[in-house]
Amino acid sequence: MKKLITLTYDFFVIGLFTIGGGYAMIPLMRQTFVETRKYLTEEEFLEMLAISQITPGPIAINMATFIGYREGGLIGSALATLGVVLPSFIVILVISIFFANLTAIPQVKKFLLGILTGVVGEIIYITFDIFKKAKKTIFYLLVLTLSLVELFILKINPIYVILIGGALGIIFGKFFEGENASS
């Protein structure tokens with residue numbers, strides 16, 4: 001029971017203090033569940049992150065559901081998901097009520113611009129941190145390069161980029177198994 005309360009509390013705090021969407025929650029989730037609570041290893045966290053990215057729905061909810069289920073079964077899954085969603089629901093409900101008046105205040109606009117900039121920094125940080133810890137095989141670097149070309153040059157929908165990466169992993173990944181990793 002104590003673990004379920006802790007799990008719900010942790011996700012409530014993550015949901016309350018991370019602004020900018022699911023990707024902004026990733027550094028705090030990693031810090032909480034890998035480094036502090038030690039519910040997951042770094043590798044398990046990265047695997048859950050990958051699965052959460054390819055499954056439908058917001059990444060933060062997917063991660064909460066995964067981690068909650070792992071730590072507390074169905075009840076843990078439900079409580080973790082509720083914990084991460086509830087703060088957003090309450091905050092957006094309050095903002096919706098006062099939205100027209102809030103956006104007219106210059107300090108609020110500056111505050112939101114600062115938050116947006118901070119969120120971009122968090123996303124860049126987690127991107128570099130994940131890259132730094134990933135096994136950098138030739139296959140990994142090829143798929144990474146192809147994905148960047150698809151996104152920046154060919155302007156392919158990110159969903160197709162994910163599906164193409166997964167398909168390449170299924171088709172060609174076996175040829176690179178056992179390749180020396182330089183992580």
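Where is the place of tyrosine 69? Select tyrosine 69 and you will find yourself in helix 4; helices here are DSSP runs of H or I with at least four residues, numbered from the N terminus.

Before moving on, a word about what is on screen. This is a predicted model, in which local features need pLDDT of at least 70 and side-chain atom pairs count only at pLDDT 80 or more, while totals for chains, interfaces and linings use all residues. Residues are numbered from 1 along each chain as its sequence is written, and side-chain values use heavy atoms, with hydrogens and water left out.

**Stop 1: around tyrosine 69.** Show the neighbours of tyrosine 69: setting aside residues up to four places away in sequence, Leu74, Gly76 and Ser77 touch it (contact means heavy atoms within 4.5 Å). Then pick leucine 79, ten residues from tyrosine 69 in sequence and 9.3 Å away in space, C-alpha to C-alpha.

**Stop 2: helix 3 against helix 4.** Now select residues 42-54 for helix 3 and residues 59-102 for helix 4; their axes lie 9 Å apart and the packing angle is about 130°. Axes are lines fitted to C-alpha atoms, for helices over the stretch in contact, and angles run from 0 to 180 degrees between N-to-C directions. Helix 3 is therefore oblique to helix 4, the class left over once angles under 35 degrees count as roughly parallel, over 145 as roughly antiparallel and 65 to 115 as roughly perpendicular. To see the contact, show side chains including Phe45, Met48 and Leu49 in helix 3, and Met63, Phe66 and Arg70 among those in helix 4.

**Stop 3: helix 2 against helix 5.** Next, colour helix 2 (residues 22-36) and helix 5 (residues 106-133), whose axes cross at roughly 55° and come within 8 Å. That angle makes helix 2 oblique to helix 5. Among the residues that meet are Tyr23, Pro27 and Arg30 from helix 2, with Ile123, Tyr125 and Asp129 among their partners in helix 5.

**Stop 4: a pair of rings.** The structure holds three aromatic pairs, meaning rings of Phe, Tyr and Trp (its six-membered ring) with centres within 6.5 Å. Select phenylalanine 11 and phenylalanine 33: their rings are stacked, 4.7 Å centre to centre with 25° between the planes (planes under 30 degrees apart count as stacked, over 60 as edge-to-face and the rest as tilted). Phenylalanine 11 sits in helix 1 (residues 2-17) and phenylalanine 33 in helix 2, 22 residues apart.

**Last stop: confidence.** Finally, colour by pLDDT, the predictor's confidence in each residue from 0 to 100. The protein chain averages 86, and 96% of the residues score at least 70.

Definitions and conventions:
Helices (H or I, at least four residues) and strands (E, at least two) are DSSP runs, numbered from the N terminus.
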